[in-house]
Structures are given as C-alpha cells and as structure tokens.
Amino acid sequence: MANTAVSVGGPTRQIRYGSVSRDRKRALIWSYVFLVIFAIFFLMPPVYMLITSLKTSAEISAITNPWWVYNPTLENYVSLLTSPEYLTFFWNSAMVSIIVVTITMVISVLAAFALARMRFWGSATLATGVFLTYLIPETLLFIPLFKIFAFVNELTGIELINNWWVLLFLYPTLTVPFCTWIMIGYFASIPKELDEAALIDGAGWMQTLTKIFIPVALPGIIAATIFAFTVSWAQFLYPLAFTTSTDQLVLPVGIITTLIKGDVFNWGQIMTGALLGAAPPLIIYAFLMDYYIAGLTAGATKG
Amino acid sequence: MAQVTLRKVVKNYDQTPAVRGIDLEIADKEFVVLVGPSGCGKTTTLRMIAGLEEITGGDILIGADVVNDVPPKDRDIAMVFQNYALYPHMTVHENMSFGLRLKKVPKEEISKRVQAAAQILDISELLQRKPKQLSGGQRQRVAMGRAIVRDPKVFLFDEPLSNLDAKLRVQMRTEIKKVHQKVRTTTVYVTHDQVEAMTLADRVVVMNNGRIEQVGAPNDLYHTPMTKFVAGFIGSPAMNMIPCRLEKAAGGLRVTLSDGVSFPVPEDRTARYEQHLNNGQLLFGLRPEHLMDAHAHANPHQHPFDVTLEVTEPMGMETLVYFPINGIDICARVSPNAGAQAGSRLRLLADLDNMHLIDDTSGRVL
C-alpha cells in the first residue's frame, strides 16, 4: 500500500529510509552490551561471597588472588549449619517473614478492594493517605515505636521489647502501605463490569473478592507477596533496635552480632551466613515467577 | 417472568440531572428498546433497573415489588454488558454456571441448564474454552448464555452489539431476536443504533436529554413521530426538515418552501393545520423515501418538482440524491434507473400523504 502511494505522486526527491532490520540489530547489540555490564555489576558481590565462603580464615587473610580458591573447604558451612544459634536465627526469620507476609496480604488485599471498589465517603483520600504513610522512613519511626512499647509495658506490664514476635507488629508498618498501594492499582485495572456482573450473578462483596478479584489479580498479589517477603526477610533496623537476646534475633542481625566479635570479623562465616540467608528469597522468587503470568485478564472484555 | 414499571424515576449525579422523571410500563414478555443519543440517560435508566445505580427519586417495580433498595442479586435479573464482562479465569461453562453455583443449585441441574443454553446459542463445543480463546461474537454469545441459564425475570442488555463488526452485528441482532422468541423473557435493551431498536423491539422508547420523547411500536414511531427529535432520530437517512410557510390558497392550504417550491396540503389535514396559518416557525418534514423519481402513475397527492442534483450516492437497490432547497441539503431516494447524475436536473415527486408539519418552537409534530 505504502509503495503504491509513493509511486503515484512520482519521486520528487530522494528520501533515505533506514532499514528496519538494521535498526533492530543495532538496538539488540546495545541491549546486550548494557545487560552484560549490569549482570557483571550485580553478580560480582554474590560471586565474591561464594568464593570467600569456601576459603579458610587463613586463606582469606593471606595475600593471594582474592578471586580464586586455592584450598576449597566446606568448613564454614558445616560450622554454621551445626550451630544452634544460626539455626535459631534462621527459624526466627522464617517465622517472622511467613507470618508478616500472611498478615500483610490479608490486610492489604481487603483494604485495597475496599478502597478501589466500594465507593464510600473519603475513599480516595484514604487511598492517598495509605501511600503517604509508606513515605515515612523506618529510621523516623523506630524511636516513637520504642516509646510506645515502653509505655505499653508501664501500663500493662506486658514486655514487648526483646521478643521476636514483636516484629510481627512492626514489619507491617512497612509492608502494608506499599502492598495496599500495589493492589489498589491492580484492582483498579480490573474492568468495573466484572464486579457488576458478579453482583448481578448473586455474589456478595466477599464472594466477588475471593472468586473474581483474587484469581484475576493473582500476578499483582504475587508481586506484593514477593515485596512483603523481601522486606521482612531483609529488615535490619527494627530487629536491631527491638531485639537483643541471641535467641530472639533474626538472621541479618544475628549474623552481624554473633560473627563480629569486637573488631574481629569472621569473614568466611559472615559470607556463608549471608549466602545461606539469601537462598530462601531466591527460591521463592524462582517458584513464584512461574505463576507470575502477565495478561491474566485477557478475554474478560473487548481487547 | 414479570413486568417492569418505572414511576417518575429521577437520577442526579451531584447536581447534574441524568434522568428527569421517567414513567414507563414494560409488559411481561415484552422486548423494549431504549434508544437515544449518547448522554440521553438510557444506560443510566437500565443500570437503575439492574440496581447498579441508586435512584434519586421515584419508584422502580419488578413484578409487583418496589425494588428501589433491593440489591442487584435479589432482583432476579440478568444483564449483558457492552464489553461482555466474562470472568477471564473461568471456562465458558464456569462463566455460565457461576450464578447458579452461588445459589447452590444441584450440579446435575446446572449442567442441564448450561447445556440447554449452549444449545440455544450454538456454543456447545466452546464450553471448556477460556474467554481469551473466543472471538468477539462468541464472547457475546457466552455473555448471553450466562444470562439465559439463570432464567431470570428480566433480561437487561447494555449496547451488547456495539463492539462487534458490522456484519456480525446484523447476525447477532437476529440471534437475539430468535433467543427472545424462544425464552420469552421480559427484555430491556439499550442501544444508540436506531436500526437495532427498530428491528428488535416490540416497543421502542426514544430518550433525549434525560426524558422520554416517545414510546411506541417501531412502525408508529417511524410513521407518526410526535416530536421533531423523534422524527429526526428514527430513520436513516434522517427525515428532511425544511423551513416553510403555511398559506391559504384556492381550495385549501399550501406549504411554500421557497419561491419555486410549493405543495398543496392534502385535504384530510387542512382542518388540523389551519390554526397554524400565522406560525412563522414551521418545518416541513418529509422522509427521503417519500421523495421519489417522477413516474407515470403518480397519485393525486404526489406532486412533481424539479431540482438540480449536487451529489448522488448509488446504493445498488436505490440511489440517494442530494440537492439544496433554501440552502438546506435535502435527500431523496430514487430508482437506480432514474438516471440521476450530479449536476443534472431531475424531476421528483413529493408524496404529501406522508408529510409532517413541525412547530420548531415547541418541537411538536402538528
């Protein structure tokens, strides 16, 4: 068609057209160049951790090529995995993260559904308010929270500080606002007619949520779950401030407090601990990514 | 099965009125089409019947019950949406049976009803597919199937064919009519397409600006419109409307369009029109099909006049010709054999038995 249109008018001047395939090739080359640079940049730390974790303390402090293991050993892994302390940290971290993710998803899915779909007075303002709370950094929050816990202790005698489960109240202050925000966005993208059809079909609000919204918004829920898990698993400041006894510590704080003694850094074990600690999120990502299929709403309405 | 009654139904969005007091009786098993331009309040009216919009004033009755405050699920209605609104994660079977499963209808019963509806709509082989594997027409059938299996009191259709291409639209229009003839459920159907309205409806409700302009059988609306709006809205190409004067002449009345064109008013209308002799705001209305090419067997109320054609549009079975009178473009349907050519002169016949006289001030057809 385009050719016909050009030839009808007759060529009055020469126009140089770029070749589509040449443009695409150039774009691809540049994509690969930058992807390789980024991959190297981001993979270097974990690779270095892996290398160091396989070395003895003597080899780490020796002046040899730091990127090569001359006498590989699993000594660090064995000592950590047989240490009851490390396993306690791991257990605490796992419990905290799993419960926090559950609490977060229940609250944020319900809140997002209400804010996105049930039109009520002030819902738009509330939705913005939820996001604004996320903008307050934890570094600002932990001192007032500490004060509140101390106050609760004075008032009721319940000791909240230095218990791993107190983190279950703290982490949702970080995860709930953001996850709610993600879910509001996701729910808002579901066509209005879908819940109206469900309402007419006889579903109540709760049935509309569980039978229509949650299955349709599954990619969004998975994204929010991954976020909540990562935040809980990697959280450092709150457990550092609120837990002190060794048996109450979670992994990131536990590694730092037990493996750094004074100014002696046990690098081999620190690297091993961090590497093992990074494994669960990786496994969860790999597992959930399979379910993270975009375009689940395809076919609901006119495309 | 049930009748639907609207009594002085009003809907305001904040201070903006969308529906300004509608009275309508829809009989049991009747197929009523609400038609009108965008923003006339037809979809709002339908959504109020469905219970998806709260009403500001008045009453809506389904059967004998006032349903103003009844939630949609308890109104026993089914709705087909413009964009289908199928549940994307469910198969066609699951989509159609969703409402029944919520009502805890026994499995065998569900299966029987879904099969029956699928047979009516000819989608039996699609039952295990997901909506994304279906074409637009098939999705629309599934949406209808979802409505049929519920066996509701009332079907509500919200512009169900607007998303389909022209050919499929005509096909689905026939399907909808067939389905209604089979299931005989009271149906309220919203469209902006007057052809759809005319072809489907037992009665058409023409709406404009939040009010009902006229309710009537398709042919009544076409032949005896009561307002200027209905006269212009129903029929394609639209009715020609030309400013005119009504004058007394020997033996009766005449309408004069311009210095050159003047027609005698048929005698049976003289008495009705006489009181408007001094009205300076009259329009002469005549549909394009009542302006035909001159032929030998004209009856006494078909009056010839000559025009110079500006544009001709051959449609195959007929040719639409356009020419100006008083600076207004007039359309006529002539035979393809009339030899109509742009720029040429043509003798036309105006069939005055089908003329309308419209008071432009009040918008009433006289």
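Guide: In this predicted model, the cover over the buried residues of H2(B) includes H10 of chain A together with helix H3 (107-121) and H4 of chain B.

Visitor: Which residues of helix H2 (residues 92-102) of chain B are called buried, and what makes them so?
Guide: They are Val92(B), Asn95(B), Met96(B), Ser97(B), Phe98(B), Gly99(B) and Leu100(B). The term requires 20 or more other C-beta atoms within 10 Å of a residue's own; these seven names are classed as buried, so each of them meets that cut-off. After H2(B) comes Lys104(B), with a positive phi near 60 degrees.

Visitor: How many residues does each chain give to the contact between chain A and chain B?
Guide: Chain A gives 21 residues and chain B gives 25 residues. On the side of chain A that touches chain B, helix H10 (192-201) and helix H11 (205-216) of chain A are the elements that give two or more residues. H10(A) has the largest share, 7 residues. By class, that side of chain A has 12 nonpolar, 5 polar and 4 charged residues.

Visitor: What makes S6(B) and strand S7 (residues 154-158) of chain B a pair?
Guide: Pairing calls for at least two bridges. S6(B) and S7(B) are joined by 4 bridges, so they count as paired, and they run parallel. Within S7(B), Phe157(B) stands opposite Val80(B). Helix H4 (residues 136-149) of chain B lies across S6 and S7 of chain B and runs at about 180 degrees to S6(B).

Visitor: Why are strand S6 (77-80) and strand S10 (211-216) of chain B called edge strands?
Guide: The 6 strands form an open sheet in the order S6-S7-S8-S3-S9-S10 (chain B), with mixed pairing. S6(B) and S10(B) each pair on one side only. The twist averages 20 degrees from one strand to the next.

Visitor: How do you know that strand S11 (residues 240-249) of chain B pairs with strand S14 (residues 282-286) of chain B and with strand S12 (residues 252-256) of chain B?
Guide: The cut-off is again at least two bridges. S11(B) and S14(B) have 5 bridges, so they pair, in the antiparallel sense. S11(B) and S12(B) also have 5 bridges and are therefore paired, likewise in the antiparallel sense. Ile242(B) stands opposite Phe284(B) in S14(B), while Leu246(B) has Val255(B) in S12(B) as its bridge partner.

Visitor: What phi does Gly251(B) take in the hairpin of S11(B) and S12(B)?
Guide: Gly251(B) takes a positive phi near 80 degrees, in a hairpin with 2 residues between the strands.

Conventions
Residues are numbered from 1 along each chain as its sequence is written. Chains are lettered from A and ligands numbered from 1 in the order in which they are written. This is a predicted model: local features need pLDDT of at least 70, side-chain atom pairs count only at pLDDT 80 or more; totals for chains, interfaces and linings use all residues. Two residues are in contact if their C-beta atoms, placed from the backbone, lie within 7 Å. Ala, Val, Leu, Ile, Met, Phe, Trp, Tyr, Cys and Pro count as nonpolar, Asp, Glu, Lys and Arg as charged, and the others, Gly among them, as polar. Axes are lines fitted to C-alpha atoms, for helices over the stretch in contact, and angles run from 0 to 180 degrees between N-to-C directions. A residue is buried if 20 or more other C-beta atoms lie within 10 Å of its own, exposed if 12 or fewer, and partly exposed in between; C-beta atoms are placed from the backbone.
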